[in-house]
Amino acid sequence: MAKVSLTVNGKNVEKDVEDRTLLVQFLREDVNLTGAHIGCDTSQCGACVVHVDGKAVKSCTMLAAQASGCEVTTIEGLSGGGDLHPVQAAFREHHGLQCGFCTPGMIMAATDIIKRHGTKLDEATVRAELEGNICRCTGYHNIVKAILDAASKMDGAAKVAAE
Amino acid sequence: MNKHMQTSSIERSTVGKGIAHDSAKKHVAGQAIYIDDMAELPGTLHAALVVSTIAHGIIKSIDAADALAMQGVHLFLTAKDIPGHNDIAPIMSGEPLFADKKIEHLGQPIGVIAADNIELAVKAAHAVKVEYEVLEPVLDVETAHERKEYVLPPQELIQGDVDAALKDAAHVFEGRLEIGGQDHFYLETQIAYTVPGEDDDMLVYSSTQHPTEVQHHVAHVLGNLANSVDVKVRRMGGGFGGKESQATIIASAAALVSHKTRKPVKLRLKRALDMTATGKRHDMVSKWRVGVDANGKILGMYVEYLARAGYSADLTGPVITRAITHTDNAYFVPNARIVGHACKTNTVSNTAFRGFGGPQGVITSEAIIDQIARELNLAPNDVRAINYYAPDNGEVTPYGQQVEQNQLVPVTEALLASADWDRRRTEIDRHNATNPVIRKGLAMMPVKFGISFNLPSLNQAGALVHVYQDGSVHLNHGGTEMGQGLFMKVAQVVAEVFQIDVDRVKITETQTGKVPNTSATAASTGSDLNGMAAFNAASAIKSRMLGVAAKHFQTDETDVTFKDNQVHAKGQSIPFSELAKLSWAHRVSLSEAGYYATPKIHWDAKTLKGRPFFYFTYGAAVAEVAIDTMTGESRCLRADILQDCGESLNPAIDLGQIEGAFVQGMGWLTCEELWWDKAGRLRTIGPSTYKIPGSRDVPPEFNVSLLNNASNIEETIFRSKAVGEPPLMLAISVYLALKDAIGSNKDRNFDLKTPATPENILSSLSGSANR
């Protein structure tokens, strides 16, 4: 057993878990945050993406023990208690989802992409960086639209905030 | 009383609006609950399937001692532990839940094991030792066909006299096409959660497109009556046909463990097992002889399909029927003989997949057109145009249905113009003349798709609508939500009837205890059937409320109107909620079970003749591709689509369906390859080896439109048309564009297998795939 102590969506969590427990299992079963989904079991589909210390991570590629001492943000905590994060709002507005199973991972990956590229984000970059997230329903068109729209709105908001 | 209410005569307030998916806010917030997200009840066990590791043989012994010795492993059940019937065949019989003696495919369930958690259950499943007597497997359709090994008798459609037509034809061409299968790759793998109740009751949460079938099979397996099983489905993480019959395996196995242990049981398949143990789209080989006149007009054709049924029938019969009834696609074939063989192989039993045989029929049709054009050196679109069903002149399909509201010419002409076909054709030809390495291709194709289940009895639906005294509405119907937006579309229908805001309509999980005897949410019919059943239920309640309102306003019912959450008459208004309360006070029922059965359809399954489809949808696509002739790699550079959705119930949802279906179809035809080894083991069982389209694999320029002014001439729900499956076949334009690129330096027709992987494109380029 491993003692795991970390912050999840701003709250301290301490648990004893089996050494081999994956972060995604820990979040879903021990913390009861089921927004991160298990789609492929093999770290390819991206349905389980969360942020660990601010970076997008497939939570099935990481042991819970490895995340000890880290700050983890899941889809449930993305809006920080507000209504919807701008990326969440954009996915809804642009119909960037159908069955919704991949959506939490898509949004967590997208938020990280926007954060890293800021104003320089273009469609080709979104498509290239989204390759680790699989969607079987939408054909990605509306997902890409949502991400680009969110990026431009967040940039605008950042500018307003800076003024 | 309802039949007088023309669905198109109501003023539109909610229907036709691009409202977001019913769960959009929950999905983006991670709050939508799939079965695996449900809080587990105390004592929940986790189950795992034990499956065969050989493709064909006899079970000699099963030893679960080591597995059961593991701490936390509770029990192991096999065929002999089934109290009812060991049969989960959706149509025929003799398709066991658990193999008893005979093993007929690798991955066939032999038993189920239950443990404290899923990881332990899976580990224990692997520890069960099964000894086999190994038999030689049959792994391809040609061998099965030679040996006459079928799961069903052949189906044959005969129209006119093909032999005479071919004899008189100026040209006769023969061809053969290998059409690949496809894994559904729904992101949420198969799952069920079963909770035993009082008496022998069983509550089943199943990720299924067909709750009624799950209900019946669980009851059948447990040896109980259907009324002891209640199946609930709030949402699926994708279905695509893969959760039509296959979900019964998972639900029945879980229910069996619940039945024995009296404990809640969850059974979720891991991805690799899901891909191994559950059925897929039928791969087929189609072969044809077509006779044409000097201009390329089709005089007659003989087409034969060899479909990989797998080890059992499952839904193969109706899949073949739909392939046969879509072999004409958009083209008038005066003389035809079309035969389909359900070849028995020692592979997993294939099943429904979006299009349901239609894609295999349509690609065969388009390959024939393409061959005619290449052999006669004609432009493929000219060959198409002279073969289109003539506009509304009574031409009938080979199965005897008149082609009505024919939109082929308006759709294809509008699309060719908006896609700038002429200019791009010239540019691409110029490009190819000077670029030997990167070749480009351009192709257009139409799709005519028949809407209704081929079997008339399946075309019925029920809905349950309640209005509460505060004016809020409870909506339930037999359709299931798998991401396609059905729940919102039906809620829009109900909101439209009452003229209330759609958020006053509570969408509730599909449940066999509320609406019984439902058909699968399949064949693109979800909103046609359930929308109309809900419309009928809501309209019946509304007509009773009208009587109450007329009394209240002391006027005739015809003076009363519902609008903007209010009820109006004689210049006065009361809120809809107040009328609801008044209705209750007057002892008027505010609840109704609605029902709908599709009119006009009939079908003779022996001769394959009749009017199987209530109506047709029409669509067309233009695709542009580039191939690297050195590596065989390809890209779709641009796609343009025009699709007939009638008067769309929700254009945003319909556009999403079209985009998603097209990309899924592209996957089927270009990158998704199912590969079995010589022992019959599927080797493509995860996203690392089975490649579905990713964000970079879709056309960067993607123009999708709905046909305007296309009100359905048939009285469908608000004159809309179905959308789920038809656009998948539009991806055949990508296949034809690849042929166009490869054919840019070939004089005659040539073969291109699907999926058109780099390997298969290279084979075509080098000529090794030629006849």
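Okay, let's start with two helices in chain A: helix 2 (residues 86–93) and helix 3 (residues 103–117) pack at an angle of about 125 degrees, with their axes 9 Å apart. Before going on, this is a predicted model, where local features need pLDDT of at least 70, side-chain atom pairs count only at pLDDT 80 or more, and totals for chains, interfaces and linings use all residues. Residues are numbered from 1 along each chain as its sequence is written, chains are lettered from A and ligands numbered from 1 in the order in which they are written, and side-chain values use heavy atoms, with hydrogens and water left out.

Helices (H or I, at least four residues) and strands (E, at least two) are DSSP runs, numbered from the N terminus. Axes are lines fitted to C-alpha atoms, for helices over the stretch in contact, and angles run from 0 to 180 degrees between N-to-C directions. Under 35 degrees counts as roughly parallel, over 145 as roughly antiparallel, 65 to 115 as roughly perpendicular, and the rest as oblique.

So helix 2 and helix 3 of chain A are oblique to each other.

Who touches whom? Contact means heavy atoms within 4.5 Å. From helix 2 of chain A, Val87(A), Gln88(A) and Phe91(A) meet a group in helix 3 of chain A that includes Met106(A), Ile107(A) and Ala110(A). By class, this contact has six nonpolar, three polar and no charged residues (Ala, Val, Leu, Ile, Met, Phe, Trp, Tyr, Cys and Pro count as nonpolar, Asp, Glu, Lys and Arg as charged, and the others, Gly among them, as polar).

Let's stay with Phe91(A). Is Phe91(A) buried or exposed? Phe91(A) is buried, with a relative accessible area of 0% (buried is under 20%, exposed over 50%, partly exposed in between, with a 1.4 Å probe and protein chains only). Leaving aside neighbours within four places in sequence, the contacts of Phe91(A) include Leu97(A), Ile143(A) and, from the other chain, Val28(B). Phe91(A) and Ile143(A) are 52 residues apart in sequence, yet 6.6 Å apart in space, C-alpha to C-alpha.

Over to chain B and another helix pair. Helix 10 (residues 358–376) and helix 18 (residues 732–742) of chain B pack at about 30 degrees, axes 10 Å apart, and that makes them roughly parallel. Their crossing is right-handed. Among the residues that meet are Glu366(B) and Arg374(B) in helix 10 of chain B, and Lys739(B) and Asp740(B) in helix 18 of chain B. The classes here are six nonpolar, no polar and five charged residues.

Last topic: rings. Rings of Phe, Tyr and Trp (its six-membered ring) pair if their centres lie within 6.5 Å; planes under 30 degrees apart are stacked, over 60 edge-to-face, and the rest tilted. How many aromatic pairs are there over all chains? The count comes to 13. In one of them, Phe332(B) and Tyr389(B) have ring centres 6.1 Å apart and planes at 55 degrees, so the pair is tilted. Tyr389(B) is buried, at 1% relative accessibility. Phe662(B) and Phe702(B) are also tilted, with centres 5.5 Å apart and planes at 45 degrees. This pair links helix 17 (residues 651–671) to strand 29 (residues 701–706) of chain B, and the two residues sit 40 apart in the chain. Finally, ring pairs join Tyr399(B), Trp603(B), Phe613(B), Phe616(B) and Tyr618(B) into a cluster.

Key
Left-handed = near helix turned anticlockwise from the far one by under 90°.
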